[in-house]
Amino acid sequence: MSNKKCYYAFEDQAGTTLEFQATSLRQAMVMKKKMARDLGIPKEAFDLTSISRKPAPSE
């Protein structure tokens, strides 16, 4: 199994985006849970929007 990191992006209905690097989807889901909890938003509110090798460009 490759140990390369991908960028995972999650977004909720309000447009709040979480983007970070992880080595697997499982790790990304754990990180999403922790970040959502820190923001006070339920983890279920966030849907996966993209997986890429490069970060999304800043708008």
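This is a predicted model: local features need pLDDT of at least 70, side-chain atom pairs count only at pLDDT 80 or more; totals for chains, interfaces and linings use all residues.
Patches here are built from residues with over 30% relative accessible area and no salt bridge, and like charges are joined within 9 Å.

Four residues, Lys33, Lys34, Arg37 and Lys43, come together as a patch of positive charge on the surface.

Leu25, Met29, Leu48 and Ile51 make it, and it comes to about 340 Å². Two elements, α1 and β3 (47–52), each give two or more residues to this nonpolar patch. Leu48 belongs to strand β3. With a relative accessible area of 40%, Leu48 is partly exposed.

**The aromatic pair**

What about the rings? A pair of aromatic rings is described by the distance of the centres and the angle of the planes. Centres have to lie within 6.5 Å for rings to pair, and planes under 30 degrees apart count as stacked. By this rule there is one aromatic pair in the model. Its members are Phe10 and Phe20: the ring centres are 5.9 Å apart and the planes meet at 20°, so this is a stacked pair. Phe10 comes from strand β1 (residues 6–11) and Phe20 from strand β2 (residues 17–22), so the pair ties together parts that are 10 residues apart in sequence. Are these two phenylalanines buried or exposed? Both Phe10 and Phe20 are buried.

**Other residues in β1**

Tyr8 is placed in it, and at 5% relative accessibility Tyr8 counts as buried.

**Out in the loops**

Now for two loop residues. Gln13 lies in the loop between β1 and β2, and a relative accessible area of 78% makes Gln13 exposed. Ala45 has its place in the loop between α1 and β3. At 29% relative accessible area, Ala45 is partly exposed.

**Sequence gaps versus distances in space**

How do positions that are apart along the chain sit in space?

| Pair | Gap along the chain | C-alpha separation |
|---|---|---|
| Cys6 and Ile51 | 45 residues | 6.5 Å |
| Tyr8 and Thr49 | 41 residues | 7.8 Å |
| Gln13 and Ser50 | 37 residues | 15 Å |
| Ala45 and Thr17 | 28 residues | 11 Å |

A few of these rows link back to the text above. Tyr8, in β1, has its C-alpha 7.8 Å from that of Thr49. For exposed Gln13, the C-alpha separation from Ser50 is 15 Å.

Methods. Residues are numbered from 1 along each chain as its sequence is written. Side-chain values use heavy atoms; hydrogens and water are left out. Rings of Phe, Tyr and Trp (its six-membered ring) pair if their centres lie within 6.5 Å; planes under 30 degrees apart count as stacked, over 60 as edge-to-face and the rest as tilted. Helices (H or I, at least four residues) and strands (E, at least two) are DSSP runs, numbered from the N terminus. Buried means under 20% relative accessible area, exposed over 50%, partly exposed in between (1.4 Å probe, protein chains only). Patches are made of residues with over 30% relative accessible area and no salt bridge: like charges are joined within 9 Å, nonpolar side chains (Val, Leu, Ile, Met, Phe, Trp, Tyr) within 5 Å. Accessible areas come from the Shrake-Rupley method with a 1.4 Å probe; for residues, only the protein chains shown count as cover. A salt bridge is a side-chain nitrogen of Lys or Arg within 4 Å of a carboxyl oxygen of Asp or Glu. Lys and Arg count as positive and Asp and Glu as negative; His and the chain ends are not counted. The place of a charge is taken as NZ of Lys, CZ of Arg, CG of Asp or CD of Glu.
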